[in-house]
Structure formats: structure tokens, C-alpha cells
Amino acid sequence: MNPSTAPPPTLAPEVADPRLYLDGIPHERFARIRAMPGLAWHPYGDKGFWAVTRHADVRAVSRNPTVFSSAIGHTNLWDLEADALEARRSLIDTDAPDHTRLRRMVAGAFTPKNIRRWEDAVREITVELLDEFLAQGGGDWVEMVAAPLPIRVILSMLGVPVADAGYLVELSNYLVEGTSDAQSLPPDAFGNTTELRLLPFNSPASHALFEYGDEMRSKRRAEPRDDLVTHLVEAEADGGRISRHEFRHLFHLLVFAGNETTRTAISHGAMALAANPDQWQRVLDEGELIESATEEIIRWATPVLHMRRTAAADCELAGTAIAAGDKVVMWYASANRDEAVYADPFRFDVGRAGNEHFAFGGGGPHLCLGAFLARLEVSVLLEEMAARRMFLEQRSQAVRMASNFVHGVLSVEMAPGANS
Amino acid sequence: MGGRLDRGPARSWGCLWASGAQFSTEILGERAAVSGDPVRVTVDSERCIGGGQCEMLEPEVFLLDDETAISSVIGSGVLSRERAEVVVHRCPGAAISIVEPADGARLDG
């Protein structure tokens, strides 16, 4: 490919400004990008990116990790300096073989069979939260249901005291701020002395989460238990199958990704059910729709809006030449509304068949580790709401996060509906 | 880990089928008699990342080891070409392939 003869790329409309997302995903802009020929170029700071927005193109990037690397540059929009990339590297920012080795350290706990063992525990937590929500006559759905459910479950799996759920949700909220322009913590919060650029999400809350993980590590070293932290501690001790750095980052990732994402799915799910009572009635009438309703909620929510890859070699995608070193951004939020794949993509349809959504990634090896756990949590919640014939009424505008990375909802008032 | 009681039948996650085609599957001991053109599938254990898609879609054909998080084929590893292609399509590690021809795979006569 001769750069001097290549036509100038089509420019994408702005979709990276975090403030846009205060009003929800800018779907109309993504639809325009999907309709553009080839890949559109999106300016961003001193180095723009290729905006990959169509379902088929996202899949092509996700499933070609040797060309589209997770280990180079960064998996968020901005580049990191080499030392910061190393200091912040987690499972997310690795390619095979490191990715395969690290993932296998924890993947066993998240297989369909092992996740199913947690069903009773998930149900017990769900029932407690829903009954309290009903007893109070409603309230902030995020605070009362969407946030506590997933954090309590992942902490139970890790073996972390559930009494600390509030603190760890607070840390997660600070981490999410690091994906927007709204950092509210001073650099030395939680006793942090590390340069922020060396911490995940540039946040002192990462220091606090690492410290918390180190304390859990010491406790389980002294007194092993049947939990995920002990499993990781043993993997570190046993011939160094994982390093100290890898332990800290796996713990950080499991706590953060294990709660923030499903919280988002449950928040948007409630809003979708409130806005589409006919669809919820279908689920009540046909119990077997729980499964497809769960997938539709996860597609609808798309808790992680994008992930970035970096081209490891010159290549071509959708007829567009990509140079080695270029940023390539997979917009899951767009792929999940691609009219070429979904009939009526903006309709919330609990019976949608063949729903190959990209809310857990674009089909490649970085598939969400907790996908089956998220499905279990959402489907048990729907089952328990259905058992109570519980409709929802949305009583306030959702307060959304100013983030182009996570589709977060900070709060939304819900009340049991007239049919409850 | 996390000893909790198993309850109820397995969740099938069957709605994740990428294809709406109808199949009839009969289990004969370890061998699955399937409609359509039978093929045999294999798993490359080096590439497997333990994503669980194969076991979710075809629990009679794939078993994901809960300790190692590596999938392997159980029984004959035979299923219809159409279903095999769905599993190949959905495997996040691109670890599953179709072996052709399905030598000895014609089970349904």
C-alpha cells in the first residue's frame, strides 16, 4: 500500500467525547459511521483511531489477535508510555501465550458447570434485595439492587468478606471516573504515593484496591480456604505460575469487572422493562423467554462500550488500509445495533432469536471471563421478579456516567408498578 | 470451589444458537445420531482459552474441564455439519476444527 496514492479516509463524527454519553449512547452518530464506506477515521488528541462499528468488522478485529494486538499501546483510546503500560498490564492487556496462561488460572471458576453451583447463593441475595426494594416501595434501583447483587456474588466467589461490599463498590465508582474527565480524588487519596499514570484508570482507588488484595493474599497464605483468592495465592506460591504483579492485577480485575459491568446490565435492564411493559408481560406469560430476555437485556445494555486493539502489522479491513501501530477501536455499542445483523435493532425484544451480541466482546479470545456469571445473575433476577409478578415504573431520569468506555448508570428511581 | 448445591436441570443457554435451523438429536449411548451431514470435530488444547461456548452449545460433544479450563471432545465427537459450523464460529480461541471426511462418522445410516 502506497500512502501517497491512498485516498484520504472518511472522517467519523465525534463519538469519543465522554460528555456525549451523559444523554446516552450517540446511536445516531454510530449509525452514520456504520453507513460509511470502509473504516472511518476518528481524530483523537495527537493520534486518532479507526472506528470499527459494524458487527462483521468488530468480529474480524476481535478474532485476529495476532494482527490486532491487546498488548501494544493500550486497550483504551489513549496511548500509555512503555513503563506505564507494563505497570498497568492485566489480563485485558495481554496476547497469547501470556493471555492463555493467565486466563486458565481463573477460567476454571467461571465455567458453565461451576457457575451453576452459585445459583442458590445468587438467588438468596436476589430475594433479599427484591424483598427490601418492595418493602420500601421502591427507591434508587442502582443502590438497592443493581450494585449490591453482583458485588456480593463476586466477593463470595473470591472469599472476600461481604461486609466490605460497600467499600469495594465505592472504589469501583472511583475507578470508573478514571475513564471520564471527572476524577474527584486527590492523587494521595487512600495513602497513595504511586504516580497516577502507573495505576489502572489513573486512579488512587487502584492503589487502595491493590492494598486490599495484598491484605487478602496475606490472610489466605496464613489460612487457606476454599475460595478464588486462595486458588490464586496457591498458583503464585506453586512455582510462580503467576507473578506477584499478576496476582494483584487479577484481584483488581475480578473485583472491578465482576461488579461494575453486571450492575450496568441490571440498571439498563430495569429501564428497558419499565419502558416496555408489554415485553415484560410476554416473559410473565412465557417463562421460557427468561433465557432470551437475559441475552436481550445484555445486548441492550452493552455495559462496555468499546475496546481498542493496535495493529501489529500492516493490514486491510473493510477495504481500508491499516498501518502497523494504528489504533483500531471496536465499538460494541454500535455492533449491537447493526441493522445488517439485527432485525429492528432499536426494538427491545425479549424473544429475539440468534442474538449473537458483542456485549461480552467481539467473539475473540478476550471473551468476558464472567459471561456465564452475568447471565446467571440477570436470569435469576428475572425469575424472582417474575415469581412476584413485579412490574417496574421508572420515576426519575437515569443519571448517567460521562464515559465513552462504560455505559454506567449512577442512579435511577424505580417503584413497583401498578401491576405488582 | 465454593461448595453450593446444584439445583434443577442445567441451564441450556440454547437461545444463543446463531442458526435457527431445526435439528433432531438422539443420544445412543456415547454416540449422537444426528440429522444432516455428520462431521467430526476436534479441539486444539493449546489454543483453548476455556471460554465455555462449545460446552454451552453442544454439551453432549464437548466437556470443559473445571480445573484446567481446557475443553475436549467426549464420545465420538460427531455432529451435523451445520451444528459443527456454529461451534467453530463461536469458539473464541479458534480452537475447534472440523475433520473431513468424517471417517466412520456416518452413524445414522
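Predicted model: local features only at pLDDT ≥ 70, side-chain atom pairs only at ≥ 80, totals over all residues.
Residues are numbered from 1 along each chain as its sequence is written, and chains are lettered from A and ligands numbered from 1 in the order in which they are written.

The two strands, β2(A) and β8 (residues 327-331) of chain A, pair in the parallel sense over four bridges. Here, strands are DSSP runs of E with at least two residues, helices are runs of H or I with at least four, and both are numbered from the N terminus; two strands pair if DSSP finds at least two bridges between them. As a reminder, strands of a sheet pair through backbone hydrogen bonds, either parallel or antiparallel. The antiparallel sense is found between β1 (residues 40-42) and β2 (residues 49-52) of chain A, which share three bridges. There, A:A40 stands opposite A:A51. The hairpin of β1(A) and β2(A) has six residues between the strands, and A:G45 in this hairpin takes a positive phi near 50 degrees.

A residue is buried if 20 or more other C-beta atoms lie within 10 Å of its own, exposed if 12 or fewer, and partly exposed in between, with C-beta atoms placed from the backbone. Leaving aside residues up to four places away in sequence, A:Y332 touches A:V58, A:T302, A:V304, A:L305, A:H306, A:F358, A:A359 and A:G362; a contact requires C-beta atoms, placed from the backbone, to lie within 7 Å.

Helix α12(A) also lies across β9 and β12 of chain A, running at about 95 degrees to β9(A). Such angles run from 0 to 180 degrees between N-to-C directions, with axes as lines fitted to C-alpha atoms, for helices over the stretch in contact. Both strands belong to an open sheet of three, in the order β4-β12-β9 (chain A), with antiparallel pairing. Its edge strands, each pairing on one side only, are β4 (139-140) and β9 (392-394) of chain A. Three bridges link β9(A) to β12 (residues 413-416) of chain A, and A:Q394 stands opposite A:M414 in β12(A).

Another helix, α8 (residues 148-158) of chain A, has eleven of its eleven residues buried, so it is largely enclosed by the rest of the structure. The buried residues of α8(A) pack against α6 (119-135), α7 (141-146), α9, α11 (228-237), α12 and α16 (371-387) of chain A. Just after this helix, A:G159 takes a positive phi of about 90 degrees.

Some backbone details of chain A are worth a look. Most residues other than glycine have a negative phi, and most peptide bonds are trans. The peptide bond from A:A96 to A:P97, however, is cis, with omega near 5 degrees, and A:P97 lies in the loop between α3 (82-88) and α4 (98-107) of chain A. A:F190 has a positive phi near 60 degrees, and A:N202 has one of about 55 degrees. A:F190 is placed in the loop between α9 (165-177) and α10 (204-222) of chain A, and A:N202 lies in the loop between α9 and α10 of chain A. A:F190 counts as partly exposed because it has 18 C-beta neighbours inside 10 Å, whereas A:N202, with 21, counts as buried.

In chain B, an open sheet of three strands has the order β6-β3-β7, with antiparallel pairing. Strands β6 (78-80) and β7 (96-99) of chain B form the edges. Four bridges join β3 (residues 38-43) of chain B to β7(B), and B:R40 has B:V99 as its bridge partner. Helix α2 (residues 81-90) of chain B lies across β3, β6 and β7 of chain B, at about 100 degrees to β6(B).

Note on methods: Contact = placed C-beta atoms within 7 Å.
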